Amino acid sequence: MHGFHAAIRVAIVGVIALGSLSRAEDALAQEANKMPISLTDALARAENRAPDVVMARHATREAVARRTGAGVVLPSNPRVSVDARPPITGGTLHDLGYAAVLEAPFEVGGAPGARVREAERYADLANADLAVERLRAKTAAWTAYVRAQVAEQRIDAARANEDIARRIVDASRQRGELGAAGDIEHSLASSDKAQIEAELVQAMRERDIHLMELRDILDLPANQPLTLTTTMREPESPPAVDALLSRALGTRPELAVVRRRIDLLEATEERLRKETFPRIGMYVGVDAAPISPIFGVLGVSVELPVAQRNAGPRAVVQAARDGEADRLDLVTRRIGREVVASRAAFDARRAELEALTQRALPTAERTLDLVETGWRSGRFDIFRVASAARDVARVRSRRLDALEAAWLERIALERATGTVSGGAR
């Protein structure tokens, strides 16, 4: 019987060991499958692989396809007319006559070349729209990357707070065992520790949410593990406002979209104007009347411009062009306001982050050390220690809030200037 129980224990130990080995192997496999990605890599992938960018690229191909056949000088297919001419006043059916005419119209007023230029302007507008989508994708990828990295720092901060809470719980238990404190100390410390554990779970959930957002922007599988290799520290100060304004007016793709739309409307207006030029037709034929010689026919036909063509579409295009000119002025002024406001918001967030990092957090941590030392020696009560520990946790949370806000304002500023290049160190 003793040997039987020993065998069972050995079997149980073996199963536990195999389970532990399997879990270890799964963890190693998952770690090996992690995809390391830097901020630069994320922006580059978003610029080319984001779903909206992929669809915008298809739109550019469709616009380029407009060029096919646009320069054909034949506005319609050649037409053949055939008729039979039976004799009526004399002759028989053997004297049946006939006539045939082949006519081909031509546009000689420059409309084919105007259609080619219009198709090229469509392609230019599609490329400008593609640039806008790429800027949006890079902005979204940078934002998700920052939020995920800051969430990772929140996890680290929560674990540091958890270490403090665990230390206080252990000390309160020891003091209770020595009779130097009551149950209230241990209960209060345990309650604070449980709240910090809940904050840790919340930080992990937020990190997973932002990582999934990043996967969506980069078009990655939902189960693809990611390792973000670029750490988000304090953002650097950008150039002066005048330099930012100059850069924005030269690089914002929204301005390029409006300009390309104006170019397209001008090309459309030119095409409509040249399509009003009378079309020239060339025709050849044969005429074989009953009981008569056979004649060849060669001639030219010209449209008579007795009524103005394209009057409605030309008026619409002219009105749209005037509206786009006003839109260009409005967008230019709005971009200027956006740059100035984003720079001011970034400076304010950066000053807040500096105050929390360099003054508030070190002071709170120093206060906690002093109060905890005094509590252990019996000079302070548990409430003062708990208050100091909460202050440290609160300042750490506020600092991470300020760090995230500063980076989001920096992203907004670069988005306003049209140059989302990544500013992490």
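Trainee: How many bridges join E2 to strand E3, and in which direction do the two strands run?

Mentor: In this predicted model, 7 bridges join E2 to E3 (residues 97-106), and the strands run antiparallel. One of the pairs consists of Ala84 and its bridge partner Tyr98 in E3.

Trainee: Why is strand E2 called hardly covered?

Mentor: A residue is buried if its relative accessible area is under 20%. Among the 7 residues of E2 (residues 79-85), the count of buried residues is 0. For the chain, buried residues make up 36% of its 425 residues.

Trainee: Why is Gln224 called buried?

Mentor: The relative accessible area of Gln224 is 18%. The cut-off for buried is under 20%, so Gln224 counts as buried. Gln224 is found in the loop between helix H5 (183-218) and strand E4 (226-228). Leaving aside neighbours within four places in sequence, Gln224 is in contact with Asn33, Lys34, Met35 and Arg215.

Trainee: Why is Asp219 called partly exposed?

Mentor: Asp219 also has its place in the loop between H5 and E4. Its relative accessibility is 43%. Buried means under 20% and exposed means over 50%, so Asp219, at 43%, counts as partly exposed.

Trainee: How do you know that the span of helix H3 is close to the expected one?

Mentor: Helix H3 (residues 51-65) has 15 residues and reaches 22 Å from its first C-alpha to its last.

Trainee: How do you know that the buried residues of H3 line one face of the helix?

Mentor: The buried residues of H3 are Val53, Ala56, Arg57, Thr60 and Ala63. Seen down the axis of H3, these residues fall within an arc of 115°, so they line one face. Residues three or four places apart in an α-helix point the same way, because there are 3.6 residues a turn. On the other side of H3, Met55 and Glu62 are exposed.

Terms used: Residues are numbered from 1 along each chain as its sequence is written. This is a predicted model: local features need pLDDT of at least 70, side-chain atom pairs count only at pLDDT 80 or more; totals for chains, interfaces and linings use all residues. Side-chain values use heavy atoms; hydrogens and water are left out. Helices (H or I, at least four residues) and strands (E, at least two) are DSSP runs, numbered from the N terminus. The expected span of a helix is 1.5 Å times one less than its number of residues. Buried means under 20% relative accessible area, exposed over 50%, partly exposed in between (1.4 Å probe, protein chains only). The arc is that of the directions from the helix axis to the C-beta atoms. Contact means heavy atoms within 4.5 Å. Two strands pair if DSSP finds at least two bridges between them.
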